[in-house]
Amino acid sequence: SGSSDPYCVVKVDNEVVARTATVWKSLNPFWGEEYTLLLPRGFRSLAIYVLDEDTIGQDDVIGKVSLSHQQISAEPRGVDSWLSLAPVNPDQEVQGEIHLELRVPERGHPRVLRCHLIQARDLAPRDPSGTSDPFARVSCCGHTLETAVVKKTRFPHWDEVLELELPEGELGEAALSVEVWDWDIVGKNDFLGWVEFPLDTLGSGPTRGWFQLLPFPSTAEDHGGQLGALRLAVRLVENMVLPPHHYQPLIQLLTEPILCPGQPPEGTALAVLEEVTSGESRQDVATKLVEIFLGQGLAVPLLDYLTTRELARTTDPNTLFRSNSLASKSMEQFMKVVGLPYLHEVLKPVVNRIFEEKKYVELDPSKMELSRGRRISFKGSLSEAQVQESSLELLKGYLGDIVDAIVGSVDKCPLPMRVAFKQLRRRVEERFPLAQHEEARYFSISGFLFLRFFAPAVLSPKLFRLREQHAEPRTGRTLLLLAK
């Protein structure tokens, strides 16, 4: 059809840790999915594979983006850019570890390198059965030896000692390479990984341990984006978590202006934090503050404190809470944490119906597909006016159901949200008491409740866990028009 059904798989050190939804019939998919992964401190690489889902047969691999631990940690603010997809070469897709003991005598004639191949674990499956037939190959200074083949396993146990005679004199840059292969009775053997040891790094004593199998050094050139590109935002945060009592002074400092409101607000920790927080970090700060104050049972007073400070700085009620301030971000995060079950209860029935009905809705004449759109009869396609009229009726129906569900959900709205909005309304009335600003009290609430809560969930149900998959293009257009 000239398009794909792309999805992404996220791997950490070749272990699959996440999978996005599939975006159907698109060469320009938008996922917008965010994952928080708890990683081992010594992880080596993060890879994102883009695949094309096929209903019949195996999914096709389009390409991948790989980032090493060093690349990610070198950017304190994170990697956020378009990265070209690289082709996926089976020889680069290795995993597992090998258990070795190596011994190189300092002197003697002849000098013999002794390599004890004990076992390997978690090798890549190369056979249709989901296993491999692994053997190891040891090479040094022009000599090569191989172990026996262990059939049908990804955890072979060899326990073989291979001895290689070293040439006399200086060894220079000589190295020992240990390769693991999958033996095939027909065709060429499949590569499973390798590890290399420069001889000058091997001390007089034995070197023993588990070693990560690596891919062959890549000779692939940059394909210049021929396979496409992936927009990624990746950030590595390394946290040292201490016992709770260590954080008590910080919590006291943050909650002080809430619990002791008499002091001048400018010198408080919250006020200082608000002043120094940049746009990039504001979301993170708001998220952490809401978590801390929810844990202390003080989330609603926190929102009252932040919104009151913002109201004091606002002279025009029409611009109220329009910026991504700490108050706006904190209220947004609070609604997501406290109100998500409520959001599901209100919107899920209507959103599910929109996904199931797959109606064609379009108001923009330049985007109408008159020849492929809904047919009203066998006599021909609908005209622009008919499509607009039909679309308008459908949108009114869906929107009416959404508004009715919201208006009828007062009793289901979580009490903390209702208290927070009641306080917000009172503060706005105090700040703008004139009759000409009467509507500001309502705009301040609807700006949060609709623009930052219900509308984004209608636009992207997957991101609010209302649906398992993203909408296909036709349904996505309907959701966009509804959100607008």
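Predicted model: local features only at pLDDT ≥ 70, side-chain atom pairs only at ≥ 80, totals over all residues.
View 1. The side chain of E179 meets that of R137 in a salt bridge, 3.8 Å from N to O. E179 belongs to strand β11 (residues 175–182) and R137 to strand β8 (residues 134–140), so that the link spans 42 residues of the chain.

**View 2. A salt-bridge network of E274, E275, R309 and R313**. Shared partners join the salt bridges of these residues into one network. The whole structure holds 23 salt bridges.

**View 3. The salt bridge between R19 and E53**. The closest N and O atoms of the pair are 2.9 Å apart. R19 is in strand β2 (residues 15–19), while E53 is in the loop between β3 (45–52) and β4 (60–68), 34 residues apart. Both are partly exposed: R19 has a relative accessible area of 38% and E53 one of 22%.

**View 4. The salt bridge between E33 and K462**. The N to O distance is 3.4 Å. E33 lies in the loop between β2 and β3, and K462 in the loop between α9 (440–459) and α10 (473–483), so the contact ties together parts 429 residues apart in sequence. K462 counts as buried at 18% relative accessibility.

**View 5. An open sheet of four strands**. The strand order is β10-β7-β6-β13, with antiparallel pairing. β10 (157–166) and β13 (207–212) are the edge strands; each has a single partner, so one side of each lacks a neighbour in the sheet. The twist from one strand to the next averages 20°. Eight bridges connect β7 (residues 111–121) with β10 in the antiparallel sense, and L117 stands opposite E160 in β10.

Note on methods: Residues numbered from 1 in each chain as written. Heavy atoms only, no water. Pairing = 2+ DSSP bridges. Helix = DSSP H or I, 4+ residues; strand = E, 2+ residues; numbered from the N terminus. Axes fitted to C-alpha atoms, helices over the stretch in contact; angles between N-to-C directions. Salt bridge = Lys/Arg side-chain N within 4 Å of Asp/Glu carboxyl O. Buried < 20%, exposed > 50% of the residue type's maximum accessible area, 1.4 Å probe, protein only.
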